[in-house]
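I opened my notebook to jot down what I looked up in this structure. Here it is, entry by entry.

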Amino acid sequence: MSNVKITFVGTGDAFGSGGRFHTCILVEGPMNTIAIDFGASSLIGLRREAIDPNSIDVVLLTHLHGDHCGGIPFLLLDAMLGSKRARPLTIIGPENTKAHLERLQEALFPGSHVMQPKFELHYEELSPGTRKEAADLVIDNVEARHTRETNPLAVRISLGGKQIAYTGDGELTEELKRLVRGVDLLIAESYFYDKSVPWHLNYPDISHLDARRVVLTHMHANMLEQADNVPEECAHDGYAITI
Ligand SMILES: [Zn+2]
Ligand SMILES: [Zn+2]
C-alpha cells in the first residue's frame with residue numbers, strides 16, 4: 001500500500017462560482033499520475049499550482065461538458081507547442097470522447113488538425129459498467145444521471161492499494177451508491193445546499209453515500225455560502241491531501 005496524493009486543481013462549476021477553476025483533480029500514485037476531468041480552465045489551474053502538464057500520464061474524463069473536458073485542446077496544443085511533451089498521454093473518457101474532442105479542438109483552434117503530436121497519444125472510451133485495467137490502475141464506472149448527450153459516468157479508480165471514487169456530475173442513484181461504498185476517498189459533487197437541483201448531486205444527497213472519507217467539490221454559490229458551516233471536508237482550488 002502506497003501513499004496517494006490528491007490535488008484539487010479546480011473545484012468550480014461551469015459558471016465560475018466563487019472564482020474557482022473548472023474541475024480537475026490530480027491523483028499521484030506510485031506508478032501513474034491521473035488527472036480526473038480537465039475543464040476549459042484546467043491548464044491555467046495546473047500552472048497556478050506549478051504542476052508540469054507533462055507529468056500527467058492519463059486524463060480520465062467523466063463526461064463531455066466543457067467544464068469537465070473543454071481544456072483538452074489547450075492541453076494538447078501546449079504539449080505540442082509549449083511544453084514539448086515526449087512521454088505518452090492516454091485520454092480515457094465515455095463513448096464519443098475522441099470525436100468530440102477533435103471537433104472541439106478544431107472549433108477552438110481552426111487549422112490545428114494538421115498538427116501531429118510527436119508523443120504517443122492514445123484515446124480509450126469506456127462503455128457504462130465496464131472495467132478498464134492499465135498497469136496498476138483499475139477504473140470502474142457506472143452511468144450517471146446527468147445530461148444524456150454528455151455520456152455521463154461516475155468513476156472509481158484503484159491505484160497504490162487505494163480506492164478513490166468521483167461522482168462526476170449527476171443525481172443520486174443506486175448504482176452510484178454501490179460504486180462508492182467503502183472507498184478510501186469519495187470526491188463528491190455538492191451542487192446546491194438547500195434544494196435538489198435536477199441532474200446534479202446536491203448536499204442533502206451526501207449523507208446517503210458511504211465512504212471512509214468524503215471531500216465535497218463542484219459547488220454552486222448557494223453551497224459555497226455554507227461550506228464553512230457543514231461538517232464535511234470542502235475542497236478549494238489548490239487543496240491537497242494524501243491518503
Ligand atoms: Zn460540471
Ligand atoms: Zn456536467
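I started with helix 4, which lies across strand 5 and strand 6 and runs at about 125° to strand 6. Lying across rests on contacts, meaning C-beta atoms, placed from the backbone, within 7 Å. The angle is between N-to-C directions on a scale from 0 to 180 degrees, with axes as lines fitted to C-alpha atoms, for helices over the stretch in contact. Helices (H or I, at least four residues) and strands (E, at least two) are DSSP runs, numbered from the N terminus.

A note on the source: this is a predicted model, where local features need pLDDT of at least 70, side-chain atom pairs count only at pLDDT 80 or more, and totals for chains, interfaces and linings use all residues. Residues are numbered from 1 along each chain as its sequence is written, while chains are lettered from A and ligands numbered from 1 in the order written.

I found 7 strands in an open sheet with mixed pairing, in the order 6-5-4-3-2-1-14. Its edges are strand 6 (121–126) and strand 14 (239–242), each pairing on one side only. On average, neighbouring strands here are turned by 20° against each other, direction ignored. Two strands pair if DSSP finds at least two bridges between them. I checked strand 1 (5–10) and strand 2 (24–28): they run antiparallel and are joined by 5 bridges. Glycine 10 has cysteine 24 in strand 2 as its bridge partner.

Then I went for the core. Which residues have the most contacts inside the largest nonpolar core? They are Ile25, Val27, Val59, Leu60 and Val155, in a core of 63 residues. Such a core is a set of buried Ala, Val, Leu, Ile, Met, Phe, Trp, Tyr and Cys residues joined through C-beta atoms within 7 Å. Leaving aside neighbours within four places in sequence, valine 27 touches Val4, Ile6, Ile34, Ile36, Ile157 and Ile164.

Last, I looked up phi. Most residues other than glycine have a negative phi. Aspartate 37, though not a glycine, has a positive phi of about 65°; this residue sits in the loop between strand 3 (33–36) and helix 1 (42–48). Is aspartate 37 buried or exposed? It is buried, because 28 other C-beta atoms lie within 10 Å (buried means 20 or more, exposed 12 or fewer, partly exposed in between, with C-beta atoms placed from the backbone). Asparagine 96 also has a positive phi, near 80°, and is partly exposed, with 14 such atoms within 10 Å.

Notes:
Two residues are in contact if their C-beta atoms, placed from the backbone, lie within 7 Å.
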